[in-house]
Protein chains: 4
Amino acid sequence: MDIQNFKAVADRYKVIFFDAYGVLKNSMGVLDGIEQTFHYLMEREIDYYIVTNDASRGPKALAQAYIDEGLEMVSQDKIISSGMLATEYLRLKVRSGTVAYLGTPKSAHYLQELGLHTLSIADLDLTDTDDVNALVFLDDEGFDWNHDINKIVNLLRLRNIPCVVANTDKSYPVSANEVSIAIGSIADMVEQISGRTFIKFGKPDAQMFIFAYDRIQAAMKVGKQHILMVGDTLFTDIIGGNKFGIDTLLVLSGNTLKSSVDEQIHLTGIVPNYICDSAVID
Amino acid sequence: MDIQNFKAVADRYKVIFFDAYGVLKNSMGVLDGIEQTFHYLMEREIDYYIVTNDASRGPKALAQAYIDEGLEMVSQDKIISSGMLATEYLRLKVRSGTVAYLGTPKSAHYLQELGLHTLSIADLDLTDTDDVNALVFLDDEGFDWNHDINKIVNLLRLRNIPCVVANTDKSYPVSANEVSIAIGSIADMVEQISGRTFIKFGKPDAQMFIFAYDRIQAAMKVGKQHILMVGDTLFTDIIGGNKFGIDTLLVLSGNTLKSSVDEQIHLTGIVPNYICDSAVID
Amino acid sequence: MDIQNFKAVADRYKVIFFDAYGVLKNSMGVLDGIEQTFHYLMEREIDYYIVTNDASRGPKALAQAYIDEGLEMVSQDKIISSGMLATEYLRLKVRSGTVAYLGTPKSAHYLQELGLHTLSIADLDLTDTDDVNALVFLDDEGFDWNHDINKIVNLLRLRNIPCVVANTDKSYPVSANEVSIAIGSIADMVEQISGRTFIKFGKPDAQMFIFAYDRIQAAMKVGKQHILMVGDTLFTDIIGGNKFGIDTLLVLSGNTLKSSVDEQIHLTGIVPNYICDSAVID
Amino acid sequence: MDIQNFKAVADRYKVIFFDAYGVLKNSMGVLDGIEQTFHYLMEREIDYYIVTNDASRGPKALAQAYIDEGLEMVSQDKIISSGMLATEYLRLKVRSGTVAYLGTPKSAHYLQELGLHTLSIADLDLTDTDDVNALVFLDDEGFDWNHDINKIVNLLRLRNIPCVVANTDKSYPVSANEVSIAIGSIADMVEQISGRTFIKFGKPDAQMFIFAYDRIQAAMKVGKQHILMVGDTLFTDIIGGNKFGIDTLLVLSGNTLKSSVDEQIHLTGIVPNYICDSAVID
């Protein structure tokens with residue numbers, strides 16, 4: 001497929017959904033020049049949202065990370081994260097008791113703000129689990145894998161409680177050459193061992209897109225044909241956007257390499273409407 | 001878990017979503033006495049929708065099947081089917097050319113009504129596929145499996161087009177003792193052989209529930225806590241409703257047997273809020 | 001990886017296992033010049049066997065197809081097929097009653113020769129299944145898919161019998177540009193719907209290689225380091241040979257294209273010891 | 001199915017293969033009275049082997065654990081473990097360089113005895129991996145999961161080397177009520193993330209049974225109809241023995257509970273020839 005100019009494509013839409021990692025930022029921080037993209041969108045009155053598989057922090061803290069790097073236009077109301085959907089689920093379905101979590105205290109902070117009682121898996125006592133009414137996989141950091149993943153497997157033998165995966169990603173980059181296992185992979189392993197069916201949130205699931213879409217509608221009515229999803233990954237951003245019925249644009253600044261993009265599209269049958277080198281406008 | 005009285009549970013909600021097969025009807029037609037249930041709901045001003053994995057006909061024809069059996073209150077606007085979502089996708093994303101389909105002429109009728117140009121896989125000529133811009137799996141009937149499923153596999157080698165599965169069910173009952181393979185299983189086989197990623201519509205996917213929810217909101221504002229999903233299958237109706245954040249009720253008049261319900265809930269970790277013998281009110 | 005000369009590699013081994021399709025023959029018949037390869041091997045006293053996923057015919061009929069094309073050195077004792085393993089299983093484990101089969105009469109002929117009582121699925125009466133003690137998937141031809149695959153699903157609801165898959169291949173080429181769905185894919189679909197665990201025979205499973213190895217040992221003692229597997233498919237021939245502990249050679253005359261071989265090896269981690277254009281010696 | 005008397009069944013065979021965990025021992029050590037079983041077998045000249053998914057130690061150390069508990073008849077030559085097959089593979093296919101391993105020093109000891117150069121993943125330096133020619137998953141203990149599983153994922157991005165799973169079990173009991181995640185589950189997670197195809201050893205794979213069978217043949221010729229596999233798990237011992245073509249006996253002293261055995265056999269279609277309470281003869 002031909003490589004297109006990002007600005008020319010963006011001009012055709014009223015709203016743009018951006019994936020975060022590989023599109024707006026990488027392991028070094030936000031991409032050089034990405035603030036021009038946002039200035040351009042604001043100038044042209046094109047609205048924008050960050051639609052991201054992330055449950056390591058709440059939306060306020062996620063936005064702050066952009067603001068700290070000079071992108072003050074990425075405010076909390078522009079953030080749609082898989083962690084927000086997981087938290088919404090827990091609020092609706094787990095009305096009492098404690099939510100045990102895997103992750104850092106920071107990842108649990110957002111749950112606590114919304115009134116949920118949380119307990120780190122590290123502090124869980126397997127002889128006293130009666131009050132634990134849900135389990136949530138938030139982040140791959142903040143606990144001892146050897147000890148605490150085994151503890152979870154045994155918790156699920158004791159208690160038939162809902163298990164929520166707040167980020168379905170399998171791995172994520174931590175430097176130019178290294179990746180880390182994401183909490184989605186750990187959740188898949190535990191699901192396999194336990195035989196249970198977990199409740200999972202994150203692209204490509206349509207719920208992410210619908211959550212974003214509903215937020216737009218609250219502000220103004222925009223048909224799906226006026227929305228563009230910009231992402232770096234065929235299997236999450238592009239297939240998810242396609243299925244939701246919006247147009248999709250693949251950037252080559254992250255997971256998908258220019259050298260293999262045509263082969264990948266051919267093999268998977270996942271076809272974006274456009275391909276651009278990156279979302280940076282210079 | 002305890003078996004509850006359906007009427008007593010229904011009283012607590014403002015809207016009820018019903019699965020069709022195993023809940024409202026079976027291989028013999030609509031369940032004896034199910035019209036009482038609808039009369040009761042109308043009397044109590046509890047709204048209701050049929051949320052069904054079905055792409056064998058459009059919503060009008062699906063409603064007519066109830067009306068023909070005396071349930072005139074199941075009108076077209078009460079029907080939410082996976083086929084409607086698939087058609088909506090095709091309308092938004094396939095703006096020109098032909099949609100090849102597997103299924104009966106009746107299953108394609110709804111696509112044609114919405115302005116799509118369709119071609120039965122039986123009539124497809126593999127030497128003339130340039131105009132085929134999408135493939136949709138609608139129904140397991142209406143084509144020669146030996147010949148036409150092979151034709152599809154070869155079509156996908158020629159054309160990298162979106163493949164839409166309009167009903168993800170694996171099998172369905174055709175009599176008290178026999179089942180038929182559903183189009184979802186055929187689609188899974190072709191997906192496996194082709195290596196492509198198909199776009200799938202049907203419970204437990206959240207999109208079904210959101211489509212229904214959006215229709216309610218158009219009429220009146222109802223919070224999720226006032227909606228109940230009633231289904232006979234843990235893996236579609238109950239896990240789907242749970243994930244969407246609404247309450248769920250499992251009936252024992254279909255797929256799930258009383259003798260194994262506790263074991264199944266234990267093994268899968270999919271827990272409904274309530275269990276009832278059936279949705280019939282007598 | 002570098003492309004090597006087949007003759008130079010073959011010289012280093014005492015026994016060579018050949019895959020059939022894509023290595024010795026294609027949709028047009030045996031490869032031009034492949035008889036030179038066999039003459040060379042005989043001259044150098046390198047023994048050879050055909051190790052093939054095929055249950056469409058017994059070993060005698062498989063050999064005859066080579067002999068008919070002038071390769072009289074491919075006699076019955078040189079053939080190791082997945083169908084032979086499946087038949088061996090049925091002989092050992094199904095000591096009485098009838099074996100129902102999907103396939104052509106020709107595919108069932110070999111079972112009958114070994115004393116098994118067979119019944120084509122086309123002739124099976126679902127009201128009279130007491131005598132059916134096993135089901136075997138032999139070939140994708142010889143039955144009506146619409147009618148008979150549904151019949152099998154219902155047979156398995158009535159009878160908890162062993163289900164044997166005599167060829168695990170997913171598809172096979174029928175002309176330069178077209179493929180057909182293989183019986184392995186149909187078996188996978190039925191296994192998925194029924195929830196049962198089927199007994200499967202075919203590369204990459206070690207049993208194929210062990211069967212061949214045992215046949216060699218009966219003639220002469222040869223260590224694994226002296227055996228080479230030659231195949232055209234990473235996922236069956238090469239990974240299977242590697243796991244069995246013998247050296248492996250990938251040819252580019254079948255399933256694997258020269259243009260993508262390095263990428264495929266990189267992505268899958270399945271690494272042959274050698275790559276050659278083909279097994280033809282000129 | 002009826003529960004049979006173990007002694008009466010054993011009498012009909014010349015060789016018995018025993019699974020270890022759940023059959024001969026549990027978390028407390030060897031089962032009370034199991035020595036009578038061995039005395040009986042020796043008296044009747046029925047040969048026996050332990051066929052076990054275990055790579056935590058070499059065969060000598062595995063045998064010693066029985067001898068230490070008074071079962072001196074379970075000598076090293078009676079042990080067939082998945083770790084032995086994995087080691088055999090590494091000896092044949094990795095002729096130079098270093099084998100990186102996950103596991104305890106004790107688990108690597110057997111590899112070293114056979115002349116392989118090993119390196120614990122804990123000691124691996126990702127900037128110096130040129131000499132690492134294989135990776136083997138031996139045991140879930142002996143390394144830091146947070147740090148070292150991530151290290152493996154990154155090793156596989158640097159080096160396209162064979163990855164060997166020396167025990168495919170998903171979990172194992174550590175006390176009457178608790179289980180631990182087995183190395184097979186960790187390997188599955190890494191395989192999923194890396195996209196590579198791993199080489200796996202362990203029941204139900206036929207290679208375990210063939211290895212045992214070959215050892216018998218070295219001593220005396222015994223047909224498959226005279227061999228019985230005794231195990232506690234349908235998905236490994238029973239399906240594996242069935243596929244290999246030998247008779248199978250399920251004991252209810254381990255993984256499979258009396259209360260659910262009939263349901264499990266019905267759901268999976270995996271049918272043992274016999275069921276006994278345990279392999280203990282009193």
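Helices (H or I, at least four residues) and strands (E, at least two) are DSSP runs, numbered from the N terminus. This is a predicted model: local features need pLDDT of at least 70, side-chain atom pairs count only at pLDDT 80 or more, and totals for chains, interfaces and linings use all residues. Residues are numbered from 1 along each chain as its sequence is written, and chains are lettered from A in the order in which they are written.

View 1. The bond from Lys203(B) to Pro204(B) is cis. Its omega is near 10°. Pro204(B) sits in a loop of chain B, between strand 13 (199–200) and helix 8 (206–219).

**View 2. The peptide bond from Lys203(A) to Pro204(A) is cis.** Here omega is near 10°. The loop that holds Pro204(A) runs between strand 13 (199–200) and helix 8 (206–219) of chain A.

**View 3. Glu45(B) has a positive phi.** The angle is near 55°, in a residue other than glycine. Glu45(B) belongs to the loop between helix 2 (34–43) and strand 5 (47–52) of chain B. Its relative accessible area is 72%, so Glu45(B) is exposed (buried means under 20% relative accessible area, exposed over 50%, partly exposed in between; 1.4 Å probe, protein chains only).

**View 4. Glu45(D) also has a positive phi, near 55°.** Glu45(D) is a residue other than glycine. Glu45(D) counts as exposed, at 72% relative accessibility.

**View 5. Ile3(C) lies in strand 1 (residues 3–4) of chain C.** Ile3(C) is partly exposed, at 36% relative accessibility. Beyond its neighbours within four places in sequence, Ile3(C) is in contact (heavy atoms within 4.5 Å) with Leu252(C), Lys258(C), Ile275(C), Cys276(C) and Asp277(C). Asp123(C) is 120 residues from Ile3(C) in sequence. Their C-alpha atoms are 51 Å apart in space.

**View 6. Chains A and B superpose with an RMSD of 0.0 Å.** Chain B is laid on chain A by a turn of 180° and a shift of 0.0 Å along the axis. The two copies are thus related as by a two-fold rotation axis. Of the interface residues of chain B, 100% are also interface residues in chain A, so the copies meet through the same surface.

Technical notes:
Heavy atoms only, no water. Least-squares fit on C-alpha atoms with pLDDT ≥ 70 in both.
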